[in-house]
Amino acid sequence: QVQLVESGGGVVQPGGSLRLSCAASGSISSIYDMGWYRQAPGKQREFVAVITSGGRTSYADSVKGRFTISRDNAKNTAYLQMNSLKPEDTAVYSCNALIKAGTIVAAPMMYWGQGTQVTVSS
């Protein structure tokens with residue numbers, strides 16, 4: 001019953017900031033990469049940022065210099081700090097994570113959260 005739950009979405013003005021959280025719970029042996037994606041209405045889901053278990057990060061060009069991904073391994077939680085938000089950042093933001101379950105030996109599987117709405121508007 002591995003589950004990812006996002007929080008922190010909301011409505012902000014252009015130039016504002018939001019901090020999203022993604023908490024993993026359930027029977028977990030290991031969490032490898034954790035990342036964020038977003039999807040705007042009528043658009044394909046796009047990659048935003050990813051962080052490895054060792055702390056290496058990668059970002060989409062559209063958010064470099066504005067967004068920061070981090071993680072707290074003790075809490076099984078990833079974060080996305082979003083600064084200098086633009087209207088084009090408006091989307092449903094979803095967390096994903098590559099997780100090996102703790103019950104039996106198995107290949108890691110990708111899990112997704114339910115998504116949280118971020119709206120940037122004046």
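How many aromatic pairs does a search of the whole structure find? In this predicted model, the search turns up two.

**View 1. Y37 and F47 meet edge-to-face.** A pair of aromatic rings is described by the distance of the centres and the angle of the planes. Here the ring centres of Y37 and F47 sit 5.8 Å apart and the planes are at 75 degrees; over 60 counts as edge-to-face, so that's what we call this pair. Y37 belongs to strand β4 (residues 28-39) and F47 to strand β5 (residues 46-51), so the pair ties together parts that are ten residues apart in sequence. Are these two residues buried, exposed or partly exposed? Y37 has 25% relative accessibility, so it counts as partly exposed, and F47, at 28%, counts as partly exposed too.

**View 2. An aromatic cluster takes in W112.** Y37, F47 and W112 make up one aromatic cluster. Have a look at W112 as well: R45 lies over its face, 4.4 Å from the ring centre.

**View 3. R19 lies over the face of Y79.** The distance from R19 to the ring centre of Y79 is 4.1 Å.

**View 4. Y59 is a buried residue in strand β6.** The strand covers residues 57-59. W36, meanwhile, is 23 residues from Y59 in sequence and 9.6 Å from Y59 in space, C-alpha to C-alpha.

How values were computed: Residues are numbered from 1 along each chain as its sequence is written. This is a predicted model: local features need pLDDT of at least 70, side-chain atom pairs count only at pLDDT 80 or more; totals for chains, interfaces and linings use all residues. Side-chain values use heavy atoms; hydrogens and water are left out. Rings of Phe, Tyr and Trp (its six-membered ring) pair if their centres lie within 6.5 Å; planes under 30 degrees apart count as stacked, over 60 as edge-to-face and the rest as tilted. Helices (H or I, at least four residues) and strands (E, at least two) are DSSP runs, numbered from the N terminus. Buried means under 20% relative accessible area, exposed over 50%, partly exposed in between (1.4 Å probe, protein chains only). A charge sits over a ring if NZ of Lys or CZ of Arg is within 6 Å of the ring centre and within 35 degrees of the ring normal.
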